[in-house]
Amino acid sequence: ILEYDKILQQLAGYTAFSASADLARALTPSPYFSEVQARQAETAEARHLLSVQPDIGVGNATDIRPLLAPAERGVILTPTDLWAVIRTITAARDLRRKITRREDRYPQLADIAYRLEESPGLVNRVNQCIDEGGAVKDSASAELARIRREIDVAHGRLQDKMRRMVASESVRKYLQEGFVTQ
């Protein structure tokens, strides 16, 4: 009669994040008056916070839930996946800080925000190893830096050899152009 599922679907439409939409659709009525009051207090705080700071939100967060099960099994995440995790952790950290700074005005939301992990060690380590484009940096490991230096040296030698060949009289007569392209 109440079409509760339609109400939840409409509520999910107001969320800015897929995980939030899933949580909204999974809400169930509570038979406990104290729980209802607590939920209403959270909602009132959230509505007020959004009215005074409409841009507050989860920023660049992405839904990393599909990455959790493989990571728990020991599957190595791609650099792009790791960067998505870091963006999400950073967005959660920023949201946590914005809300907890206003704890006196939004105590219910601050209580929730304090549960968000900041994970500074993980953020720093991934930032040290992967750039924003998802490329692995030379600083990821000493071995990788050494290998990339060797590749650069070998590439330079190959380029020099090719330029010498193109410049030589015995090879030049067979070429249309006198330059090396890659």
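Me: What makes A113, Y114, L116 and E118 count as contacts of R96?

Reply: In this predicted model, R96 touches those residues, leaving aside its neighbours within four places in sequence. Contact here means heavy atoms within 4.5 Å, so A113, Y114, L116 and E118 qualify as partners of R96.

Me: How do you know whether the protein chain is spread out or a compact globule?

Reply: Happy to walk through that one. The chain has 9 helices and 0 strands. Its radius of gyration is 27 Å, while the globule rule gives 16 Å for 182 residues. The value is well over the rule, so the chain is more spread out than a compact globule. Along its principal axes, the C-alpha trace spans about 90 × 40 × 35 Å.

Me: What makes up the lining of the second largest pocket, by class?

Reply: The lining has 6 nonpolar, 4 polar and 4 charged residues. The volume of this pocket is about 170 Å³. Of its 14 lining residues, N60, R87, T90, A91 and D94 are the closest to the centre. Asp and Arg count as charged, so R87 and D94 belong to the charged class.

Key:
Residues numbered from 1 in each chain as written. Predicted model: local features only at pLDDT ≥ 70, side-chain atom pairs only at ≥ 80, totals over all residues. Heavy atoms only, no water. 1 Å grid on protein atoms, 1.4 Å probe; cavity = no way out; pocket = protein on both sides within 12 Å on 5 of 7 lines; lining within 4 Å. Points joined across faces, edges and corners; volume = space filled by probe spheres on them. Helix = DSSP H or I, 4+ residues; strand = E, 2+ residues; numbered from the N terminus. Rg over C-alpha atoms; globule rule 2.2 N^0.38 Å.
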